[in-house]
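Trainee: I'd like to take a close look at one part of this model, the surroundings of a ligand. Could you walk me through it and then place it in its wider setting?

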Amino acid sequence: MIAGTILLAALAPGCRKDVPLDGPSTDGSGYEPGEELGGGATTTFDLGQNAFNHPAANLTDDEGSTFVVGNSFFTQNWVTAPSSTTGRDGLGPIFNAQSCSGCHLRDGRGRPAASAEGVAGFLLRLSVPGSDVFGGPAPHPAYGTQFQPLSILGVASEGSFSITYGPVPGTFADGTPYELQQPSYTIAGAYGPIGDALVSPRVAQQLCGMGLLEAIPAFEILANQHIPNSDGVSGRANYVHDVALNATVLGRFGWKANEPSVRQQTAGAFNGDIGITSTLFPSDQCTSAQHDCLDAINGNDPGNAFELAPQTLDNVTFYTATLGVPVRRNAQDPTVLKGKALFTAAGCATCHRPSYVTGPSALSPALAHQRIFPYTDLLLHDMGPALGDGRPDFLADGNEWRTPPLWGIGLFQTTNGHTRYLHDGRARDLTEAILWHGGEGAAAQERFRNMTASERQALLAFLHSL
Ligand code: HEC
Ligand code: HEC
């Protein structure tokens, strides 16, 4: 067993290799054959700035062409209507960014920033208490369900906001002190008082493996729900409104599992973030308080009641769903393997479920029947009041968040030049992200706090290898 490990550790990280002699051990330690291929056959091997930017490695040539077309509509800016570039006009009237990549820069992770700093992949969701007819968030009467700090010429934006941080000191069990930062938000609304709006700050996630998460059979996710274990961890599914099906279905995407599919998430982003209407969301997000917004010229092509060609929605959906998953680094390094064992022992893997085999995929055979390692149960967990936003999102209450997939989290410094984590990017590194775990995550957090410095380093080495 030791011989096998040493032999394979000598291979360059990231190259395809045969499986080692020793299989996985029952406590979650030990190298598992193929675990560095987090996205199965979709896994990509560039570990530079564009690590999140590549198509799944197993797309056909035709699929690769669709990916390229989708990519162009993901990255290029939308412009104010009317314009000679009819395929890309209709921006706003109010919006958060001019393109998808304005927030999902190189398909990587956004960070918190107030609008004055430019778009960095961050937005504020809004609502008022109660729910809409589908059980989703109830829109604020003047500002809707999202704060849009940008607008086209002649229309007032919704205003501006600022973020301040207050210190939250703590100490590891070995006496080492640390200091977390708790954010608070001030909104200066341009359409009257924002009142007691419920505000949910969220950063843009890395977009690797979206179609793989969509191809996880629903029963696998539902089977992750259990009665609270000795750590008090249970987890429950979110059920959300599927616009195309006009039905309530399992939620998978977004920080609260508040979207059912890559397609609806994509159309929702076009509509809410860029101001582009589509078959799924045919109206701009102007509220009845926003007259100039309602009167602005739209970018509909002749004969269409919306701005996004259906084929373009399909292409961008395909692009987003078939981004590959970057290969893991140093998966067989002894410190990484020690950290992997600690990850299981501390109870992290209960929520951050390591692996699945995907089922069929309606989007591409490349996504089907792959063994993947996303490290999520895709369920909601009560993470305690300090992480809570107080804003319900379908079944998710103010303290509940979807366990985020951990694939790619070691790459943000390389791809996006920062190491901000959690739904609002408050954590400045992985240590802070773990220390914020409360509620159902409190027992795991406490075990981390009680680790020795070298154990903490090993756990972090494992996380950095993902
Ligand atoms: C203003 C910034 C912004 C823009 C522009 C934007 N996004 Fe996002 N994106 C986000 C945020 C924030 C989230 C998390 C949303 C939530 O939790 O509700 C997200 C989530 C997603 C997700 C789900 C990720 C996951 O892990 O569940 C996908 C897919 C996605 N966006 C695709 C797109 C596409 C496609 C576009 C362009 C049409 C786009 N986004 C434009 C900020 C943005
Ligand atoms: C009860 C379920 C649960 C347990 C147990 C748990 N986590 Fe999490 N984890 C979550 C949820 C939910 C979030 C998102 C919270 C948020 O963004 O506010 C999260 C976020 C994270 C993040 C940040 C991810 C990102 O994309 O920004 C890291 C890193 C992380 N967890 C690591 C760990 C480690 C290490 C452990 C064990 C010490 C652990 N988690 C235990 C549920 C859990």
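Trainee: Of the 26 residues around ligand 2, which come nearest?

Mentor: Happy to! Cys348, Cys351, His352, His423 and His437 come nearest, out of 26 residues around ligand 2; a residue counts as near a molecule or strand if one of its heavy atoms lies within 4 Å of it. Before going on, note that this is a predicted model, where local features need pLDDT of at least 70, side-chain atom pairs count only at pLDDT 80 or more, and totals for chains, interfaces and linings use all residues, while side-chain values use heavy atoms, with hydrogens and water left out. Residues are numbered from 1 along each chain as its sequence is written, and chains are lettered from A and ligands numbered from 1 in the order in which they are written.

Two of those histidines also have polar atoms close to the ligand. In the side chain of His352, a polar atom lies 2.9 Å from a nitrogen atom of ligand 2, and an N or O atom in the side chain of His423 is 2.7 Å from an oxygen atom of ligand 2. Arg109 takes part as well: a polar atom of its side chain lies 2.7 Å from an oxygen atom of ligand 2.

His423 leads on to Asp424, since their side chains are joined by a polar contact of 3.4 Å (a pair of N or O atoms within 3.5 Å; within protein, one must be able to donate a hydrogen and the other to accept it, and residues adjacent in sequence count only if both atoms are side-chain atoms). The side chain of Asp424 also has a polar contact of 2.9 Å with that of Arg426. Asp424 sits in the loop between α10 (412–416) and α11 (430–435); helices (H or I, at least four residues) and strands (E, at least two) are DSSP runs, numbered from the N terminus. Asp424 is buried, with 1% relative accessibility, where buried means under 20% relative accessible area, exposed over 50% and partly exposed in between (1.4 Å probe, protein chains only). Beyond its neighbours within four places in sequence, Asp424 is in contact with Pro112, Phe122, Pro183, Tyr185, Pro201 and Val203, contact being heavy atoms within 4.5 Å.

Now for the other ligand. Around ligand 1 there are 27 residues, of which Cys100, Cys103, His104, Gly254 and Trp255 come nearest. Here the backbone has a part: a polar backbone atom of Gly254 is 2.8 Å from an oxygen atom of ligand 1, and a backbone N or O atom of Trp255 lies 2.7 Å from an oxygen atom of ligand 1. From the side chain of Asp273, a polar atom lies 3.2 Å from a nitrogen atom of ligand 1. At least two residues of this shell come from each of β2 (122–131), β7 (198–203), α5 (262–274) and α7 (310–321), and α5 gives the largest share, five residues.

Finally, Asp242 is in strand β8 and, at 9% relative accessibility, is buried. A polar atom of its side chain lies 2.9 Å from the backbone nitrogen of Leu245. Leaving aside neighbours within four places in sequence, Asp242 is in contact with Ala247, Val249, Pro260 and Gln264.
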